[in-house]
Protein chains: 2
Amino acid sequence: MTNSTIDRILDAAEVEFAAHGFVETSLRTITTKAKVNLAAVNYHFGSKKGLIQAVTDRFLGPLTQHLQNQLSAYEKQPSLDSQNQQELQALFTLLAHSCQHVAQKNHHSLAVFARLINMAYSQSQGHLRKHLTHQYGASFLYFMKLLRQYMPAMTNEQFFWRFHYLLGTLVFALSSSEALLAICEREYDESRRIDQIMSDLVLVLASAAQAPMIGDQSS
Amino acid sequence: MTNSTIDRILDAAEVEFAAHGFVETSLRTITTKAKVNLAAVNYHFGSKKGLIQAVTDRFLGPLTQHLQNQLSAYEKQPSLDSQNQQELQALFTLLAHSCQHVAQKNHHSLAVFARLINMAYSQSQGHLRKHLTHQYGASFLYFMKLLRQYMPAMTNEQFFWRFHYLLGTLVFALSSSEALLAICEREYDESRRIDQIMSDLVLVLASAAQAPMIGDQSS
DNA sequence: TATTGTTTTAAACATACGTTTAAAACTAAC
DNA sequence: GTTAGTTTTAAACGTATGTTTAAAACAATA
């Protein structure tokens, strides 16, 4: 019962959506690559919107669940002596590891997931945004709450924007990592891999999170 | 002869592209909002691709020109005593001000600009990417070269990635700034505007640029 | 085997899109 | 006022899309 019609559709849709976006990917392209009849999408998922939500749910579900576990475990292990920089690095590392964990399990590249999130964020898919916030808003806010602890020197509004800058950095870096790797293959070391990128990203995010506020002179 | 057909099309296209993206915006929507006949787009711009390039050129041209002037003026005014953090902030501020200078007339220009780069990066949009690199690649590299001076404590490869993280932060923040503004309208101060966002972004970018490397203990 | 429910299939449907066409309207020079 | 060139207009074209339909194929049960 492996590689059923539903799974083959989801697999193909995942790749195509990540590569070309939701709107520019037709159901005919997906069903052809999945070697499945065109009507199968409407039969199993109701509509294209249903398919999009199913694709996102398949990895966002495990991702948030894994992240939730990691975060709650981290929260129960207090480390009061460490500094904000280290705490922030730890939180971002947990996020990075959760992403990699889910990507590994689904046998798909991390870039695919990142591009999906990018699409969900930047493309004006109204129904998707509502679905995501309704389904995963809690986990989202939980991560935000933990981050907030270690970014105390700013107002809620400032934190709100800072948080989205950091999210943007993460999503964009992962989305274009494959393309960028291809670009610098000939100019730089080929052996640099995703986990190295993630390690460096964590440091960047932690530093960016602690950037001074306007009118603030402390570093 | 102000508000000619061409200008009305460009104005409407700019707004619609920024709001709904390039693919999701139809020529019929644009021509209706511009109060212009449908065929006018093909007559004046040849095709939808031509319109997209015209829309982007209308602000990317002035933007790069303005930025080039600012950068070369900045380069001729040496300030050897200042630190990297200040120099980086200055460079990013120049970029932000150039963006704002061009976007003064229409606030949607920035969103279009960001979306364009986002697509050129994440998607394999052939004609768009080629057009941009061919037209504005030099200015791009010039800005990169100046930045490189004040990020000395890393290899070329590390700088390459750092640069793209920063670009990702900028692009993502600008791409979703409208949506995020809409989100936080009810939770935060409505009066917070783009220029405040940009000011904070500059600080974030400068700090992120100076984040420690892996294995580095200095801040 | 016969029957029931589920899944797959091929075809058609309705709609929206970018583009083209050819006539009409307009502009400016002679 | 006529003419030549440019712009605008309404209509149609061809294509691609998501969706629906109804028959066929399949699976499981009695």
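## Salt bridges, ring pairs and a DNA strand

Let's start with Glu14(B): at 4% relative accessibility, this residue counts as buried. Here, buried means under 20% relative accessible area, exposed means over 50%, and partly exposed is in between (1.4 Å probe, protein chains only).

Before going on, some ground rules. This is a predicted model, where local features need pLDDT of at least 70 and side-chain atom pairs count only at pLDDT 80 or more, while totals for chains, interfaces and linings use all residues. Residues are numbered from 1 along each chain as its sequence is written, chains are lettered from A and ligands numbered from 1 in the order in which they are written, and side-chain values use heavy atoms, with hydrogens and water left out.

**Charged pairs**

Which residue does Glu14(B) pair with in a salt bridge? Its partner is Arg58(B), with the closest N and O atoms 3.6 Å apart. Arg58(B) sits in helix α4 (residues 48-76) of chain B and Glu14(B) in helix α1 (residues 5-20) of chain B, so the pair ties together parts 44 residues apart in sequence. Over in chain A, Asp11(A), Glu14(A) and Arg58(A) are joined into one network by salt bridges that share partners.

A salt bridge, by the way, is a side-chain nitrogen of Lys or Arg within 4 Å of a carboxyl oxygen of Asp or Glu. The helices are DSSP runs (H or I, at least four residues), numbered from the N terminus. Counting over all chains, the structure holds 10 salt bridges.

Another one pairs Glu75(A) with Lys145(A), whose closest N and O atoms are 3.8 Å apart. Distant parts of the chain get linked here: Glu75(A) belongs to helix α4 (residues 48-75) of chain A and Lys145(A) to helix α7 (residues 126-149) of chain A, 70 residues apart. Glu75(A) is partly exposed at 36%, and Lys145(A) is partly exposed too, at 47%.

Arg162(B) and Asp200(A) make a salt bridge as well, with the closest N and O atoms 2.8 Å apart. Since Arg162(B) lies in helix α8 (residues 156-175) of chain B and Asp200(A) in helix α10 (residues 194-209) of chain A, the pair joins two chains. Both residues are buried.

**Ring pairs**

Across all chains there are 12 aromatic pairs. In one of them, the ring centres of Trp161(A) and Tyr165(A) are 6.5 Å apart and the planes meet at 45°, so this pair is tilted. The two are four residues apart in helix α8 (residues 156-175) of chain A, about one helical turn, and both are buried. For Phe160(B) and Trp161(B), the centres are 5.8 Å apart and the planes at 85°, so the pair is edge-to-face. These two are buried as well.

Rings of Phe, Tyr and Trp (its six-membered ring) pair if their centres lie within 6.5 Å; planes under 30 degrees apart count as stacked, over 60 as edge-to-face and the rest as tilted.

**Meeting DNA strand D**

Of the 15 residues around DNA strand D, those that come nearest include Leu27(A), Lys48(A) and His44(B). Near means having a heavy atom within 4 Å. Helix α3(B) gives the most to this surface, with three residues.

| Protein atom | Distance to a phosphate oxygen of DNA strand D |
|---|---|
| Ser26(A), polar side-chain atom | 3.5 Å |
| Leu27(A), backbone N or O atom | 2.8 Å |
| Thr5(B), polar side-chain atom | 2.3 Å |

Methods: A polar contact is a pair of N or O atoms within 3.5 Å; within protein, one must be able to donate a hydrogen and the other to accept it, and residues adjacent in sequence count only if both atoms are side-chain atoms.
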